[in-house]
Amino acid sequence: RLRGKRLMRQRVARIIDLVRGGSPFGVKPLAIDVSWRIAQAARRLVVFERQQDEARSRLLNAYEAVPYRAVLDTLGPHMSRHHALCLAFAGDLKQYKDSSALVKLAGLQPISWSSGNSSSGGRLPHRGRSRLTRAAMNATSFLVSQNRPSIFRERFWQFQTRPHRPLKPLQAMAAVASKYVRTLHRIATTGQPFDEARARSGEKEVT
């Protein structure tokens with residue numbers, strides 16, 4: 001399975017060259033049909049990538065008009081696209097009375113689960129806006145991988161290595177995503193930029 005976009009493009013480009021050169025790919029009776037299908041798939045890929053670029057451009061243009069965009073961008077470099085997606089699925093962050101409502105909307109509030117004599121906690125509910133959940137998780141994954149601000153990455157590992165009820169990687173990512181959503185809400189409602197030093201000193205960064 002090709003996971004890298006650059007590698008996928010290289011492979012597709014090589015296939016297109018073979019098609020243009022008239023290669024039957026070892027299936028001579030179906031050479032014309034196979035070549036036509038591959039050519040159509042290549043055209044669909046071009047259209048898809050163009051639509052992606054147009055959607056990304058329109059999304060970022062809409063994000064530029066958000067009044068508190070500048071303070072949101074203090075959360076980390078190259079985060080505008082992720083913030084814009086969260087706003088697209090959540091709407092104006094100031095419309096929520098508190099950050100808990102936004103976390104619940106994103107489906108990031110863990111619940112308890114029981115069946116018979118067994119029970120467990122920390123499961124994510126199958127409710128909320130799934131696209132907002134995915135956007136928040138992707139944004140958190142980017143923050144953790146970039147390690148800027150590093151407090152998110154540290155919390156991600158802390159949830160997995162704590163002695164009492166350590167979380168699995170996906171659960172830990174969801175817990176950090178909840179902090180990310182809460183932080184977005186606080187920044188938007190207070191108008192104050194994110195301050196990692198203040199977060200480390202013990203002052204709450206989220207409500």
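Is D53 buried, partly exposed or exposed? D53 is partly exposed, with a relative accessible area of 46%. Here buried means under 20% relative accessible area, exposed over 50%, and partly exposed in between (1.4 Å probe, protein chains only).

This is a predicted model, in which local features need pLDDT of at least 70 and side-chain atom pairs count only at pLDDT 80 or more, while totals for chains, interfaces and linings use all residues. Residues are numbered from 1 along each chain as its sequence is written, and side-chain values use heavy atoms, with hydrogens and water left out.

**Confidence and overall build**

Confidence comes as pLDDT, the predictor's score for each residue, from 0 to 100. The mean pLDDT of the protein is 84. Of its residues, 83% reach 70 or more. Confidence is highest in helix α3 (residues 69-72), at a mean of 96. It is lowest in strand β2 (residues 118-123), at 60. Over residues 203-207, pLDDT stays under 50. For that stretch the model has 17 contacts beyond four places in sequence. A contact means heavy atoms within 4.5 Å.

The protein has nine helices and two strands. Both are DSSP runs, numbered from the N terminus: helices are H or I with at least four residues, strands are E with at least two. Along the sequence the pattern reads α-α-α-α-α-β-β-α-α-α-α. Of the 207 residues, 32% are buried. Among contacts between residues at least 6 apart in sequence, 57% join residues at least 24 apart. The protein exposes about 13500 Å². Carbon and sulfur atoms supply 53% of that area. Accessible areas come from the Shrake-Rupley method with a 1.4 Å probe; for residues, only the protein chains shown count as cover.

**Salt bridges**

A salt bridge is a side-chain nitrogen of Lys or Arg within 4 Å of a carboxyl oxygen of Asp or Glu. By this rule the count comes to three.

| Salt bridge | Closest N to O distance |
|---|---|
| R56 and D53 | 3.1 Å |
| R69 and E64 | 3.5 Å |

Take R56 and D53. Both lie in helix α2 (residues 31-64), three residues apart, about one turn of the helix. An α-helix has 3.6 residues a turn, so residues three or four places apart point the same way. R56 is partly exposed, with a relative accessible area of 34%.

Now the bridges of R69. R69 is partly exposed, at 23% relative accessible area. Its partner E64 is partly exposed too, at 49%. Salt bridges that share partners join E64, R69 and D73 into one network.

Helix α6 covers residues 130-146.

The buried residues of α6 are L132, T133, A135, A136, M137, A139, T140, L143 and V144. They pack against α4 (80-90), α5 (99-105), α7 and α8 (169-190). T140 is one of them, with a relative accessible area of 0%. Leaving out residues up to four places away in sequence, T140 touches M173, V176, A177 and Y180. Just after α6, N147 takes a positive phi of about 60 degrees.

T161 sits in helix α7 (residues 150-161). Its side chain reaches the backbone oxygen of W157 at 2.8 Å. T161 is exposed, at 59% relative accessibility.

T183 is found in helix α8. The T183 side chain reaches the backbone oxygen of K179 at 2.7 Å. Is T183 buried or exposed? T183 is buried, with a relative accessible area of 0%.

Definitions and conventions. Polar contact = N/O pair within 3.5 Å; in protein donor to acceptor, adjacent residues only side chain to side chain.
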